[in-house]
Amino acid sequence: MAVASVGGLGSENLLREGGLALQWRIGFDKWIGRLLPLLYVVALLPIADMIYWIAVHALPTLTWATLTDTSVTNTHSLAVPIVGTFYIMVVATVVAVLLGLFGGIATAEFLPESVAGYARTAANLLAGTPSVVIGYFGYFAFVLYFGWGLNLIAGAVTLAFFMLPYLFRTVDLAYTSVPRAIREAAYGQGARPTQYLLRVATPIAFPQVLNGVFLAMAIGVGETAPLFLTLQQGILIPTGLFQPASFLTGQIWENYTQPQGSGGLALAFQAAFILLIVVLGLNLVVRLISGRFRKRLEGLFQ
Amino acid sequence: MGGPQGSGPTPGPPQPLPPSSPPRPPRWNASQWISLVPALVPAAVVAGVVASLLAASQFHNLGTSFWGSAWNQQTNTYGILIFVAGSFLTAVPALILSMVIGLGIAIASTTYLPARVSRLLDPFVDLLAGIPSIIYGIWAFALVAPIFGSTLAPWATMHLALIPGFKATATSPSANGYGLPISIFVLTLMSLPITTLLIRDALKAVPRDLWESGLALGATRWETVRRVSMHHGNRGLWSAAFLGFGRAFGETVAVAMVIGGATAYPANVYAQTYTMASFMFENLDGALSYPGMLQALAELALVLMAITLVVNLLGRRFVSALYTQEVAGL
Amino acid sequence: MNGAPVLSVKELTVRSKDRTLLDRISIDFDSASLTAVIGPSGCGKTTFVRALNRMSEITPGLRVGGRVEYLGQNIYDPKVDPVLVRRRIGMVFQRPTVFPLSVFENAAFGLRLVHASEEETDRAVTDALQRAGLWEEVKGDLDRSALSLSGGQQQRLCIARALAVQPKVLLLDEPCSALDPGATQRVETTIERLKKEIVLILVTHNVGQAARVSDRVAFLHSGRLIEVGTTADILERPREALTEQFITGRFG
């Protein structure tokens with residue numbers, strides 16, 4: 001059945017192809033293919049610049065004493081905040097892991113699907129909550145209502161709640177990703193849930209869970225608001241849970257408005273530098289684990 | 001109902017089987033009841049956040065003045081309008097920029113760059129999400145803002161003065177560069193990894209043979225992306241928008257460091273102002289000295305929380321997977 | 001049309017990094033006809049048809065040698081952009097690949113690309129849907145989503161979509177493999193009609209299908225064209241031992 005040719009379709013001669021329109025389409029495609037990748041610069045240049053620039057401002061005056069001197073008279077030492085951050089992270093991670101691990105496993109393995117959906121939505125909502133709101137929650141609930149005051153425990157628990165949803169859903173995903181075939185084989189052999197969990201699922205899910213812990217730590221160590229609003233910074237290393245504690249991000253916040261060239265500003269950069277190293281290091285660890293994990297798991301999936 | 005099921009024939013590493021749930025008994029048993037406790041902790045926390053804020057606010061100021069634009073703790077007037085405006089004035093432009101740039105990077109990554117190159121570069125874009133917000137803040141504060149204040153802003157006031165909003169006033173732009181533009185810049189960078197990741201995933205999810213069908217009809221790669229991939233990945237695009245917006249809207253510290261802080265309506269585009277989050281962060285400290293301020297702040301927190309919840313709920317509706325990928329910060 | 005074959009394949013060779021996927025294949029496609037391409041799995045049938053409209057370029061790492069001449073012009077000429085080739089040599093895939101658009105917009109896709117007028121598009125779409133044997137079933141509601149069609153209807157829509165830009169060659173890569181027997185039959189009816197209008201090249205793993213619809217059969221094995229001839233000749237009186245073994249089901 002013959003049909004009048006559509007003009008825009010051009011002639012049958014491939015080499016003298018008709019139409020500016022077509023050349024334009026092809027040309028546009030070619031050029032946008034060259035221009036779009038340049039947008040990567042918008043994303044990558046800031047990171048590189050951030051790292052470089054902070055290093056440049058931090059390293060010149062960074063001495064070993066800055067990192068280790070805990071004497072009260074030294075105002076240019078980050079030793080106290082470093083230790084403080086460490087203590088806070090330990091407490092926060094422990095709390096977050098306990099809640100997140102059990103919560104994630106419960107959601108992945110035990111809860112009926114209907115409720116599991118709500119649990120997951122709640123975790124997602126919590127993850128999306130602004131850090132300052134979590135800080136306010138910590139302040140009202142722990143500092144005021146529970147009466148803990150502005151100290152290490154209030155800060156760490158508040159931070160734990162901030163880290164929780166990331167752990168929760170990583171654990172949930174890790175256990176849910178155990179291949180169906182393996183799970184059914186285990187239950188088919190008559191395993192009880194605890195046995196299945198301990199001997200089959202956990203070894204498989206472990207790398208992902210470990211990743212989740214490191215990721216949560218990377219997030220937690222860089223947070224300011226949840227701690228700043230619930231915690232009083234001090235000049236001594238905390239000796240108990242109910243004591244003030246300094247932390248790295250707090251140091252940055254306190255010192256970043258100091259005048260140029262002052263020791264205080266340098267301190268802020270140095271704290272930022274250490275923070276960057278910790279965060280990037282944790283991210284690197286996560287990537288390494290993911291890499292080995294993928295190789296290991298390739299054998300399991302088909 | 002017919003339709004393409006899953007991906008077409010694709011080479012590459014074996015895909016993991018879809019997540020499955022274990023066999024569950026029809027009625028609840030003891031272990032399921034017990035498991036409710038840890039599983040509902042996040043929900044409890046969310047509820048706890050709302051409850052504690054409600055309690056702290058004591059429903060004190062939920063009157064019309066709350067929505068006004070004057071915030072003055074000395075006279076016990078607590079109007080939050082400026083902060084709400086500030087949050088939107090920073091988050092909306094940031095989202096638009098972040099979506100545009102994210103779209104561009106995602107298209108480049110999936111369509112135009114060889115796989116080896118994308119595989120190398122994409123993780124670094126994702127790394128943006130892992131950088132603490134205070135680091136963004138100090139970098140923007142000490143490096144980018146002064147550059148903006150000394151070069152871009154004067155240029156703009158001179159050459160773009162005819163556009164409404166770009167004319168200089170006595171107070172803005174300030175030479176140090178703080179204010180709305182830098183905040184938008186920072187927020188764009190911070191929401192960029194989310195938008196890029198989600199759009200990238202949406203584009204990657206387009207089945208191979210669907211994509212090839214577009215090309216086989218004589219479409220260029222760009223046309224196929226526009227006319228086929230974007231339609232197919234529609235939901236992913238929406239989820240990128242909502243979640244990216246949520247990120248930008250709730251960002252606290254980085255914004256607090258560069259937005260300047262003035263409780264007056266922005267007079268032009270360079271103005272210094274507050275967002276809800278930045279104001280909340282900076283003012284909790286002194287709140288106890290003024291009657292009613294703590295309650296007002298708690299209510300401000302409630303408003304911020306409410307908006308965030310809505311945005312996140314809408315955003316998650318468009319995500320079909322259990323969770324988005326576990327990229328730091330998502 | 002001049003006397004040149006519509007499509008002329010000369011010494012077509014396709015190599016990946018470590019293997020030769022197609023080895024010096026030469027075959028001509030003269031005028032409106034249906035050539036079935038058969039052979040065991042992995043013999044290169046799909047690679048072959050994808051090389052005919054330069055779809056092979058989408059897979060990185062493939063190198064193509066030889067010539068493929070469309071109306072006497074080498075489609076692999078560096079001055080020729082693949083976009084030009086692909087509308088004239090259309091392709092239908094194994095699974096129905098309708099776009100998430102309306103039936104009309106699917107069929108009109110190629111026309112929208114060239115910004116054809118509303119009238120031209122309308123006519124072309126109607127014509128294409130009729131040639132694909134789908135018109136009667138969809139004419140009532142062209143705006144409904146293409147995803148609401150059955151599998152067989154979707155595949156015929158894919159055929160219509162390809163036809164709308166008036167190709168002289170249509171490549172079909174196992175188009176019925178995802179369809180049930182009834183839908184398969186309807187697609188076969190359609191391509192039997194089409195083979196009187198344009199050149200059809202049908203890759204199929206189903207020898208029975210080749211017997212039913214094709215004029216010619218080409219047998220591929222390990223990337224080489226073993227034999228090509230009329231359907232009757234190949235299926236009843238194959239000259240090569242390999243061909244005979246395949247047809248009688250010894251392997252494949």
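In this predicted model, helix H6 (residues 180–204) and helix H9 (residues 234–250) of chain B have axes that come within 8 Å and cross at roughly 160°. Axes here are lines fitted to C-alpha atoms, for helices over the stretch in contact, with angles running from 0 to 180 degrees between N-to-C directions. The crossing angle makes H6(B) roughly antiparallel to H9(B), a label used for angles over 145 degrees. The crossing of the two helices is right-handed, meaning that the near helix is turned clockwise from the far one by less than a right angle. On H6(B) the contact involves B:Leu187, B:Met190, B:Ser191, B:Ile194, B:Thr195, B:Leu198, B:Ile199, B:Asp201 and B:Ala202; H9(B) contributes residues including B:Gly236, B:Leu243 and B:Arg247. Residues are in contact if their C-beta atoms, placed from the backbone, lie within 7 Å. By class, the residues of this contact divide into 10 nonpolar, 5 polar and 2 charged. Ala, Val, Leu, Ile, Met, Phe, Trp, Tyr, Cys and Pro count as nonpolar, Asp, Glu, Lys and Arg as charged, and the others, Gly among them, as polar.

Chain B also touches both chain A and chain C. Towards chain A, 75 residues of chain B are in contact with 83 residues of chain A. Helix H2 (residues 41–57) of chain B gives the most to this side, with 10 residues. The side has 54 nonpolar, 16 polar and 5 charged residues.

Towards chain C, 20 residues of chain B meet 28 residues of chain C. Helix H7 (208–216) and helix H8 (221–232) of chain B each supply at least two residues of that side, and H7(B) gives the most, with 6 residues. This side has 9 nonpolar, 8 polar and 3 charged residues.

Within chain C, 6 strands form an open sheet of mixed pairing in the order E6-E7-E8-E3-E9-E10. Helices (H or I, at least four residues) and strands (E, at least two) are DSSP runs, numbered from the N terminus; strands pair if DSSP finds at least two bridges between them. Strand E6 (89–92) and strand E10 (224–230) of chain C stand at the edges, each with a single partner strand, so one side of each lacks a neighbour in the sheet. The twist averages 20° from one strand to the next. Strand E3 (residues 33–38) of chain C runs parallel to strand E8 (residues 199–203) of chain C, and 5 bridges join them. C:Val37 stands opposite C:Val203 in E8(C). Helix H1 (residues 45–52) of chain C lies across E3, E6, E7, E8 and E9 of chain C, at about 150° to E8(C).

Residues are numbered from 1 along each chain as its sequence is written, and chains are lettered from A and ligands numbered from 1 in the order in which they are written. In this predicted model, local features need pLDDT of at least 70 and side-chain atom pairs count only at pLDDT 80 or more, whereas totals for chains, interfaces and linings use all residues.

Note on methods: Angles under 35 degrees count as roughly parallel, over 145 as roughly antiparallel, 65 to 115 as roughly perpendicular and the rest as oblique. Two residues are in contact if their C-beta atoms, placed from the backbone, lie within 7 Å.
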